[in-house]
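Hi everyone, thanks for making time for this. Let me put the sequence and the structure up on the screen, and then I'll talk you through them.

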Amino acid sequence: MENQYAIEMLGITKIFPGIIANDDITLQLKKGEIHALLGENGAGKSTLMSVLFGLYQPEKGIIKKDGRQVKIQNPNDANDLGIGMVHQHFKLVECFSVLDNIILGVEPVKNGFLQKKEAKEKILALSEKYGLKVDPDALIEDITVGMQQRTEILKMLYRDNEILIFDEPTAVLTPQEIEELMQIMRNLSAEGKSILFISHKLNEIMAVADRCTVLRKGKYIGTVNVADTTMPELSRMMVGRDVEFAVKKEDRTPGDVILDVKGLTVASKLHKNNAVKDVSFNVRSGEIVCIAGIDGNGQTELVYGLTGLEPVKAGTVIMKGKDITHASIRERSVNGMSHIPEDRHKHGLVLDYSLEDNMILQRYFEPEFTSKAGTLKRANIRSYAEKLIDQYDVRSGQGAITKARSMSGGNQQKAIIARELDKAPDLLIAVQPTRGLDVGAIEYIHKQLVAQRDAGHAVLLVSLELEEVMTVPDRILVMYEGEIVGELDPKKTNAEELGLYMSGAKNDFRKEAAV
Amino acid sequence: MNKKESFLRKPAVQTLLSSLICIVLGLFAGFIVLLFIDARGAASAMVDIIRNFFRYPSAAVALKYFGNTIVKTAPLLMCSLSILFAYKVGLFNIGVAGQYAMGAGLALYAALGWQLPWYVCALLACVSAALLGAISGFLKSYCNVNEVISGIMLNWLSLYTTNMVLTKVKETTSPYTKNIVNVNHSALLPNIGLNKVFNNNQYVTIAIPLAILLSVLVWFILEKTKFGYELKATGYNKNAAKYCGMKEKSNTILTLIISGALAGLGAAMFYLTGYEQWQCTQSSVPGMGFNGIAAAFLGGLHPVGAIFSSLFIQHITEGGAYVDKTMYCSQISDLISSIIIYLCGFVLFMKLFINKRLNAHDEKKGGKS
Ligand SMILES: Nc1ncnc2c1ncn2[C@@H]1O[C@H](COP(=O)(O)OP(=O)(O)OP(=O)(O)O)[C@@H](O)[C@H]1O
Ligand SMILES: [Mg+2]
C-alpha cells in the first residue's frame, strides 16, 4: 500500500539549556490534511516546527518524507523537500516589494539578468488561483499585516512547497482576515497540499482542521480526529484540567472617576488626518471599560496618547484628578498607571536582558532595587523576580536568568503581565493582553483583570477579540475611524449589534446627526 | 553533552578561545604576506614582530622598552573603552579617532600655549572630546543622523582644527609641536615612581594605572549600576526604554559624551608624557582610535579584556618596527600589524563558527546513538 503520510516525525527530542522542549514527540501528517498542533505556551510547538524546517537539530528522533528517512540540516534542505514555513514573527524585508520578497533566493535569471516579468506572472496566477490578494509592487512596510501574511504564503507556493507550516498565523489578524485565511487553507488542502497549523484558538481548529495533535510541557499527549472531539475535551487534553470559558464576575457599583479623557486628538504617523479625533470618555474605579473596534481605527494611537508614548495634539487627560496630558511616561507610571503594551517585542521587553532584568523594568530605580549610591541590589532583584515567576507561573528554561529572547511567545507575555499587575496600579491599560496565549493562560488573565477591578482599580482594556469584548468588560466603547461611535452594555448587546458599530454602520454620536 | 563540551559552550570560554584563534590566524596571515614579498626573511621578521622588546638580552633594557610599549597601550586602551562603552549602548562611535585628535590638540595647546599644569590640560582634552561626542549624540537623537556618518565628518573636522591650532605652538624648523619637556614641565604627567620600575623610562607615568583603573570603573558602571542598566536597555531596545520612562534621547547623548571623554583623556595620557610630538601637517587622524575598535572586539567587548587586547595589539605594532628594513620596505611594519589587527576584529564571527562546529558535533553523536 502506498504510504499515506507526507511527513512523519518520530520520537523527536530537542533539549535546550535547562529544559526539554520536545520529549520523544511523534507527529504524523497525512497527505492533503490540515493538521492542527495544540499546546500551552511553551509546550514546544514552535520548537517542533523549527526542527522540521531545519532551524534546530534534534538530539534524538528521525524525520520521514513519503516514508523515506531524510536529513534536514537547514532551511534550504527543507525547501528542497518542499517544506515551507510562515513564522510566528514574519521574516520579510521591509523596504522590498512584495514581488522581490517572494522571489528572494530563487530569482529567475536569464543570461545573468533578472526575469521579473515571468515571476510576476507566476505570482499573479498563484494569487488568483488561491484567492491570495496582494499587490506585487507594493512595499512591505506599506501594507497591512494581513497582506504581509499572504506574501509569506505566496513565498511558499512560489517555491512549489507541498508541506506548509503555519505558526500561529491568526494571532495578528482581524476576524475578517482570519475567515479569509481559513478559506485559503481549505483551498490549499483541496489542492493536495498538507498543512500544519498552530493556533491557540480552539474554534479555529474545530473549524478548519482534520486532525489535532496535542503537546503538554514538551510531551506528546495524543492525536484526535477533530470531528470526534469537542472544545472542552481539547482544552482538557492540553491543560490537564477543565477550563472555564465563561468569565465569572459579580456586579459592582463603580466608584470615583480615575481616568477622565476630554477631546483627545492624536496625530497619525501613517497619514495626514488625525488618528484619534476629539475622543472623550472616562473610566471609574472598580470597572473594566473595553475599547472595541477593528484593528487600525485609532486604538493604538489612543493608547500612545494616554500613556505618553506620543504627544497629543489637543484635549486633556486627567488621572485621579491630576492633569497628566503632558506628564512624562515615568510620572504617569509612578502615579499609578500600568501599561500592557500591544507589541511585546517592540515595547514590552528588552529581549537581550534576562527575565529578572525585565521584571524590574518599571521599578529598577526604586530603593528596593537601587542603593543610594546608584548600584543595583542584585539579591533583591533575584528574589523579587523569583516571586513573580512563581506567582504568575512564567515558564522558562533557566528561571530568573533566562534570556527573554529564548522564552516562548506566551511566556514572554506572562512576564509582562506579572510586571505590570504587581505594581497594583490605580489604572491598568491592557492592550490585547491575551494575544498569543493558550486558553488556560487566557482564563487566568481574565481572572486577574476582574481581580483588579474588584480591588477597586480602574481597567481600560483594548481588544480585537469579540469573545473578550463580550465577556470581560462592564462597559464597551466602540471606536471607528478615530472616533467613539457607541457605548454599549455587554449584558444587553450582542455580536451582531457590536459588528454594526465596528464597521461604521451605526453611530450614536455622529456630529452631523445632532444638527 | 559531555563535560568538555559544556565547558566549550560557556560564553566567557568561547570569547577567550575566539580571541586566541583570531590572534593565531592574524599572525599566520601576516606571515603569508611576508612570504610573498620576500620568502627569505619571513620567518625572522615574524619572530621580530612577536619578540618586540624581548629581543634585548639585558633584562634592564628590555624592561625599558616594555615601558615604551605600555606607554602607548594606555591611550589605545582608552580608545577601546570609548568604543565598547558606546557599543554596549548600541552606538558605533567611529568618531573616536577625531575625539582623540581633538583631545590631543587641546592637551598640547593648553600645555604649550597656555602653560597650564597637566591636570588642567587633561581636563580640557576630556571636555573638548566630550563636546564632539555630544554633537554626534545630539544629531543622532534629535535629527536622526547616524552617529557613524556624523562621526566620520567630525573626524576630518577635528584633525584640521587640531593641525591649525597646534601650528601656533610648533617648532620653527619642523612640522612638529614643541617638546613639552623644554617648555612646560608642569604639564608632564607625574611619574609617581613608575619610571624607576621601568629602568628610568621617564615616559611611564600615572597614565598607565589610571587607564587600568578606568577599565574597571567602566565595567562597574555598565554591569553594577542603575545607570549602566538604563544605558544598556536603551542600547538593546530604545522603544522599550522609552516605554518604561527612561530618557532614551538624553541617554544616547550622555553615552557619546562619556565615550568622547574617554578618548580625549586617552590622548592626554599619551601626548602629556612627551613621548611623541604632534605633526601639524598630518593628513589623517592618528590610527589609535581605529585600532581601539580592533582592541575592543579582540577583548570580547569586555572592559577588562580590553586591557589585555590593547597590550597585545600595541605589542605587535611596536614589534613591527624591528622588521629588517633592508629586506622589506619601511611600511611593512604597519602593514603586518594592520593585517593582524584586522583579523582580530573577527572575534564575533569566530564565536559563531565555534558554536556551529559544536552543534554539528552534537548531531553526529546523536545520529550514532
Ligand atoms: N533558542 C532557545 N534557547 C533556549 N530555550 C528555548 C529556545 N527556544 C525555545 N526555548 C524554550 O523551549 C520551550 C518551548 O518553546 P516554544 O517556543 O517551542 O513554545 P511554544 O509551544 O511555541 O509556545 P507559544 O505558544 O508561547 O509560542 C520554552 O520553554 C522556551 O523557553
Ligand atoms: Mg510559539
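I'll go through a sheet and its helix, then a threonine, and finally an interface. Please keep in mind that this is a predicted model.

Let's begin with the sheet. In chain A there is an open sheet of four strands, in the order S14-S13-S16-S17, and the pairing is antiparallel. S14, residues 274-284, and S17, residues 322-323, are the edge strands of chain A; each has a single partner strand, so one side of each has no neighbour in the sheet. Further in, S13(A), residues 257-267, pairs with S16(A), residues 314-319, over five bridges.

H9(A) covers residues 299-307, and eight of its nine residues are buried, so the helix is largely enclosed by the rest of the structure. Among those buried residues are Glu301(A), Leu302(A), Val303(A) and Tyr304(A). Just after the helix, Gly308(A) takes a positive phi of about 90°.

You'll find Thr434(A) in the loop between strand S19 (427-431) and helix H15 (439-454) of chain A. Is Thr434(A) buried or exposed? Thr434(A) is buried, because its relative accessible area is 7% and the cut-off for buried is under 20%. Its side chain makes a polar contact with the side chain of Glu468(A), at 2.6 Å. Leaving aside residues up to four places away in sequence, Thr434(A) touches Ile442(A), Ile445(A), His446(A) and Glu468(A).

Last, the interface. Here 29 residues of chain A are in contact with 20 residues of chain B. The two chains bury about 2,300 Å² between them, and carbon and sulfur atoms give 57% of that. Which three residues supply more than any others of the area that chain A buries against chain B? They are Tyr353(A), Tyr364(A) and Leu376(A), with 24%.

On the side of chain A that touches chain B, the elements giving two or more residues are helices H10 (329-334), H11 (344-348) and H14 (409-421) of chain A. H11(A) gives the most, with four residues.

Notes: Residues numbered from 1 in each chain as written. Chains lettered and ligands numbered in written order. Predicted model: local features only at pLDDT ≥ 70, side-chain atom pairs only at ≥ 80, totals over all residues. Heavy atoms only, no water. Buried < 20%, exposed > 50% of the residue type's maximum accessible area, 1.4 Å probe, protein only. Polar contact = N/O pair within 3.5 Å; in protein donor to acceptor, adjacent residues only side chain to side chain. Contact = heavy atoms within 4.5 Å. Pairing = 2+ DSSP bridges. Buried area = accessible area lost by both parts, 1.4 Å probe.
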